[in-house]
Amino acid sequence: MAMLEIKDLEVYYGMIQAIKGVSFEVNEGEVIALIGANGAGKTTILHTITGLLEAKKGTVTFDGKDITKVPAHRIVTMGMAHVPEGRRVFSNLTVFQNLKMGAYTRKDKTEIEESLKTVYKRFPRLEERQNQLAGTLSGGEQQMLAMGRALMSHPRIILMDEPSMGLSPIFVNEIFDIIKKVSAGGTTVLLVEQNAKKALSISDRGYVLETGNIVLSGKSDELLNNDSIKKAYLGE
């Protein structure tokens with residue numbers, strides 16, 4: 001059984017259909033890349049999975065439970081975390097306060113402290129800047145903070161929306177290295193990313209989204225060598 005299963009998902013914005021019967025699955029331990037051009041519907045799918053948008057039709061199943069109509073705050077407590085596009089850190093709070101916000105659904109203080117140590121170990125820069133206001137961090141550091149905050153909820157699966165957007169090439173490499181480490185640490189990853197080459201280079205499988213439809217899927221190395229993918233997304 002898949003950890004996360006999306007079946008026949010349809011989502012509308014008013015009269016406009018953004019997602020047109022999408023189905024895919026994420027198995028435990030996988031890194032899955034969802035790639036596609038801007039406006040293809042990638043973010044809409046993530047928002048629907050995490051309860052921020054309502055599906056008109058279809059189901060979202062997590063760990064065998066139908067969560068299609070479950071509110072977002074309850075989905076977090078079930079073991080799913082979302083790193084939103086644009087990072088969305090609390091700019092007027094410190095790095096430390098942002099990280100603590102990520103653990104607001106958890107009660108065990110000892111476990112929260114252990115998670116904080118783990119996050120600082122994975123992101124040493126955040127520990128160095130723990131008393132700094134999040135709004136004063138660079139874009140790359142804010143992305144690390146958004147990822148660290150999500151990991152503070154101790155998720156079984158983490159959904160990442162465009163983590164490389166607007167970052168310098170050095171930070172892009174660093175962020176993708178961290179995603180690999182997060183996966184190696186046992187957390188399942190669903191990655192939405194415009195940088196198709198990078199996403200497919202670290203994922204197990206991929207799905208290609210075009211105007212609300214999945215048009216192609218397969219193992220990531222196969223997609224990297226697919227001529228139509230090379231032409232449309234890899235600039236080759």
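Guide: A residue is buried under 20% relative accessible area, exposed over 50% and partly exposed in between (1.4 Å probe, protein chains only). Asparagine 213, at 29%, is therefore partly exposed. This is a predicted model, in which local features need pLDDT of at least 70 and side-chain atom pairs 80 or more, whereas totals for chains, interfaces and linings use all residues. Residues are numbered from 1 along each chain as its sequence is written, and side-chain values use heavy atoms, without hydrogens and water.

Visitor: Where does asparagine 213 lie?

Guide: Asparagine 213 belongs to strand 10, which covers residues 213–219. Helices (H or I, at least four residues) and strands (E, at least two) are DSSP runs numbered from the N terminus.

Visitor: And what is asparagine 213 in contact with?

Guide: Once neighbours within four places in sequence are set aside, asparagine 213 touches Lys20, Val22 and Val208; contact means heavy atoms within 4.5 Å.

Visitor: Changing topic, how many salt bridges are in the whole structure?

Guide: The search finds ten of them, each with a side-chain nitrogen of Lys or Arg within 4 Å of a carboxyl oxygen of Asp or Glu.

Visitor: Which residue forms a salt bridge with arginine 156?

Guide: Its partner is glutamate 28, and the closest N and O atoms of the pair are 3.4 Å apart. Arginine 156 sits in the loop between helix 6 (139–151) and strand 7 (157–161), and glutamate 28 in the loop between strand 2 (16–26) and strand 3 (31–35), so the pair ties together parts that are 128 residues apart in sequence.

Visitor: Is glutamate 28 buried or exposed?

Guide: Glutamate 28 is exposed, with a relative accessible area of 57%, while arginine 156 is partly exposed at 29%.

Visitor: Which residues are linked with them in a network of salt bridges?

Guide: The network links Asp63 with Glu28 and Arg156.

Visitor: What about lysine 42 and its salt bridge?

Guide: Lysine 42 pairs with glutamate 162, the closest N and O atoms being 3.7 Å apart. Lysine 42 lies in helix 1 (residues 42–49) and glutamate 162 in the loop between strand 7 and helix 7 (169–184), so this pair ties together parts that are 120 residues apart in sequence. Both glutamate 162 and lysine 42 are buried.

Visitor: How many residues apart are aspartate 177 and lysine 180 in helix 7?

Guide: They are three residues apart, which means a separation of about one helical turn. These two residues also form a salt bridge, with their closest N and O atoms 3.8 Å apart. Aspartate 177 is partly exposed at 39% relative accessibility, and lysine 180 is likewise partly exposed at 43%.

Visitor: On to the helices: at what angle do helix 3 and helix 4 pack?

Guide: Helix 3 (residues 95–102) packs on helix 4 (residues 109–122) at about 125°, with the axes 11 Å apart. The contact involves Phe96, Leu99 and Lys100 of helix 3, together with Ile112, Glu113, Leu116, Val119 and Tyr120 of helix 4. Axes are lines fitted to C-alpha atoms, for helices over the stretch in contact, and angles run from 0 to 180 degrees between N-to-C directions.

Visitor: How do the axes of helix 3 and helix 6 cross?

Guide: These axes cross at roughly 35° and come within 7 Å. Helix 3 contributes Val95, Asn98, Leu99 and Gly102 to the contact, and helix 6 contributes Leu145, Gly148 and Arg149.
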